[in-house]
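Here's a quick tour for anyone meeting this structure for the first time. Have a look at the picture, then read on.

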Amino acid sequence: MKRFTWGLLLLVPLAAGCAETLPPPDLHVLSSLPRESATGPGSPAAARGPAIGVEQANLPEYLDRPEIVTRSSANTIQVSQGNRWGQRLQGDITRVVADNLRGLLPSDNVFVLPLRRREPLAHTVAIDVTSFERDASGNVVLNAYWSVLDGQTEAERAGARARYVEPVEGEGYAATVAAMNRAVNALSRDIAAGIKRVTARK
């Protein structure tokens, strides 16, 4: 019994030493589209842009976690302990779509909801993501339904079920995140085009 106890005492510091040598995880974030100075924040065109509210994107629970998720088969997902999101993926998608819309419409009046101040909105954007990860073929696939709602009546004015497939160009999770970024940018362009169509009909 005494020999067993001493064995445990020797294993505890050894295990602690191993834990201390683990490198910190790489943190990844999505980024916005580059802006043109003529239509960027603070430009005359952007100042006259419509007031748009972007709701927090809805994600399935399996994606709402710090680790980056990949899919190895139709029914199997994997998580990377060494590669994580710098913030919740839900908030990162919402932040980038809102920032992209500021440049694509262009409009300085695009806000992430809920607003802390009373602001009459022309439109509200809603995004429901059903899947968003690198699949077994090596492509990033984003499936989502986006809609543009009337800012006052909440009636749907535009919307579509969309699927974006982006090849992963390169190795590692940085290349995977870059492909995911391109998919979110493509989603942003479709939403901006929908808002422009709705605005043109008025």
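## Two cis prolines

Let's start with Pro106, which sits in the loop between α3 and β5 (110–112). This is a predicted model. In it, the peptide bond joining Leu105 and Pro106 is cis, with omega at about -20 degrees.

Another cis bond runs from Leu113 to Pro114, and its omega is near 5 degrees. You'll find Pro114 in the loop between β5 and β6 (123–134).

## A positive phi

Now hop over to the loop between β7 (139–150) and β8 (156–167), where Glu154 is found. Its phi is near 65 degrees, a positive value in a residue that isn't glycine. For context, most residues other than glycine have a negative phi, and most peptide bonds are trans.

## How α3 meets α4

Helix α3 (residues 89–104) packs against helix α4 (residues 172–201) at an angle of about 50 degrees, and their axes are 9 Å apart. That angle is why α3 and α4 count as oblique to each other. As for handedness, the α3 and α4 crossing is right-handed.

Who's touching whom? On the α3 side there are Val96, Val97, Asn100, Leu101 and Leu104; on the α4 side, Val184, Asn185, Ser188, Arg189, Ile191, Ala192, Ile195 and Lys196. Sort the residues of this contact by type and you get eight nonpolar, three polar and two charged.

## Around the rings

Which residue lies over the face of Tyr173? That's Arg134, at 5.6 Å from the ring centre.

Key. Residues are numbered from 1 along each chain as its sequence is written. This is a predicted model: local features need pLDDT of at least 70, side-chain atom pairs count only at pLDDT 80 or more; totals for chains, interfaces and linings use all residues. Side-chain values use heavy atoms; hydrogens and water are left out. Axes are lines fitted to C-alpha atoms, for helices over the stretch in contact, and angles run from 0 to 180 degrees between N-to-C directions. Helices (H or I, at least four residues) and strands (E, at least two) are DSSP runs, numbered from the N terminus. Angles under 35 degrees count as roughly parallel, over 145 as roughly antiparallel, 65 to 115 as roughly perpendicular and the rest as oblique. A crossing is left-handed if the near helix is turned anticlockwise from the far one by less than a right angle, and right-handed if clockwise. Contact means heavy atoms within 4.5 Å. Ala, Val, Leu, Ile, Met, Phe, Trp, Tyr, Cys and Pro count as nonpolar, Asp, Glu, Lys and Arg as charged, and the others, Gly among them, as polar. A charge sits over a ring if NZ of Lys or CZ of Arg is within 6 Å of the ring centre and within 35 degrees of the ring normal.
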